[in-house]
Structure formats: structure tokens, C-alpha cells
Amino acid sequence: MIIALVSLIAPFSYPFQPIQFSLISMYTIGIPSFLLALESNNEPLRGSFYANVLSKSLPAALCVAFNVLALGFASGHMGLVHEQVSTLSVLITAFTQFLMLLRICLPFTRMRLILFIALICGFGINAFLFRTLISFTAITWPMGIALAVMVALTCVLFPTLSVSY
């Protein structure tokens with residue numbers, strides 16, 4: 001929502017297409033939530049449901065918003081076209097969502113570890129196989145550098161924000 005609102009007034013366009021969210025959501029929300037819900041859990045809910053959900057999701061949402069907006073503003077200076085920005089936005093969003101899923105899966109059980117690895121592999125394989133359908137471009141050097149910087153920022157920001165919330 002933040003990205004959509006800012007892109008209305010910013011000098012760059014909204015970087016995502018609906019089909020890209022389908023790919024990200026399937027591997028970071030849909031499949032894991034279904035399979036993790038099948039685990040037995042006898043612990044009572046502690047605290048407020050909404051507070052628990054926000055404490056888990058808000059750090060990832062803030063990281064995605066920061067990275068995608070920073071990329072949007074920097075893309076002109078880096079010589080990146082819309083398709084490249086879109087590809088990078090999907091990759092950093094997926095990376096951040098997998099970090100959130102990692103946090104939820106810890107401590108790993110055998111099933112959670114297999115699930116986590118399978119989801120990452122599934123995302124990567126589908127992103128490669130259907131790259132034209134989801135409008136992925138080949139990664140260039142400037143894109144690789146931008147992605148590395150965003151991954152590093154996410155690795156610093158996400159744990160910091162996760163402690164705060």
C-alpha cells in the first residue's frame with residue numbers, strides 16, 4: 001500500500017504486476033500457511049491475535065517498502081529500466097518474505113526444514129521456468145549490485161525491526 005501510494009506521486013511507476021505477487025504469495029504465504037497449520041499446537045494464544053500478526057509481518061513489510069522505494073528513486077541514476085526494477089522488486093520482496101518465513105519456522109523441525117528448502121527451490125525454479133510470463137529480465141551487473149545492496153540492507157534492517165516490534 002505504501003509503495004502504491006508513493007508511486008502515484010513519485011517519478012517512477014509501480015514496479016509490480018499481479019502475476020508476480022501470485023508467485024511470491026504462493027511460496028511465502030499460501031503453501032507454508034496451509035502446511036504449517038497442519039502441525040499440532042496445544043499452546044494457548046498469548047496476547048492479542050492482531051498484535052501477534054503485526055509483530056511478525058510489519059518488519060518484513062517495512063523492509064520491502066524501504067527497498068522497493070529506494071530502488072525506484074535510485075533506478076534513474078543507475079540506468080535501470082522499468083522491467084529491471086520490476087525484476088529486482090520481486091526478488092527483494094521474495095527474499096524478505098522468505099526471511100519472515102524463516103523466522104516463523106524457527107526452531108526447525110525436520111518437516112519445517114524440508115518445507116523451507118522446498119519452498120525456496122520451488123520459487124527459484126518457477127521464477128526461472130516462467131520468467132517470460134512474470135516479466136523477469138536477465139540480471140545485469142548494475143542489477144546484481146543493487147540486489148546485493150538490498151539483500152545486505154534487509155539482513156540488517158529485518159532483525160533490527162523484528163526486535164523492535
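How do the residues of the lining of the second largest pocket divide into nonpolar, polar and charged? The tour below reaches the answer at its second stop. Please keep in mind that the model is predicted.

**First stop: the largest pocket**

Begin by selecting Asn-41, Leu-45, Lys-56, Ile-104 and Arg-112. Among the 25 residues that line the largest pocket, these lie closest to its centre. The space in this pocket amounts to about 1100 Å³.

Next, colour helix 2 (18-37), helix 3 (49-78) and helix 4 (82-105), the elements that each give two or more residues to the lining of the largest pocket. Of these, helix 2 deserves attention, as it gives the most to this lining, with six residues.

**Second stop: the second largest pocket**

Now select Met-1, Ile-3, Phe-21, Val-64 and Gln-97. They are the closest to the centre of the second largest pocket, out of the 16 residues that line it. About 290 Å³ of space lies here.

Display helix 1 (2-9) together with helix 2, helix 3 and helix 4: each supplies at least two residues of the lining of the second largest pocket. Helix 2 again gives the most, here with five residues.

Finally, colour the lining of the second largest pocket by class to settle the opening question. Twelve of its residues are nonpolar and four are polar, while no charged residue is present.

Conventions:
Residues numbered from 1 in each chain as written. Predicted model: local features only at pLDDT ≥ 70, side-chain atom pairs only at ≥ 80, totals over all residues. Heavy atoms only, no water. 1 Å grid on protein atoms, 1.4 Å probe; cavity = no way out; pocket = protein on both sides within 12 Å on 5 of 7 lines; lining within 4 Å. Points joined across faces, edges and corners; volume = space filled by probe spheres on them. Helix = DSSP H or I, 4+ residues; strand = E, 2+ residues; numbered from the N terminus. Nonpolar A, V, L, I, M, F, W, Y, C, P; charged D, E, K, R; others polar.
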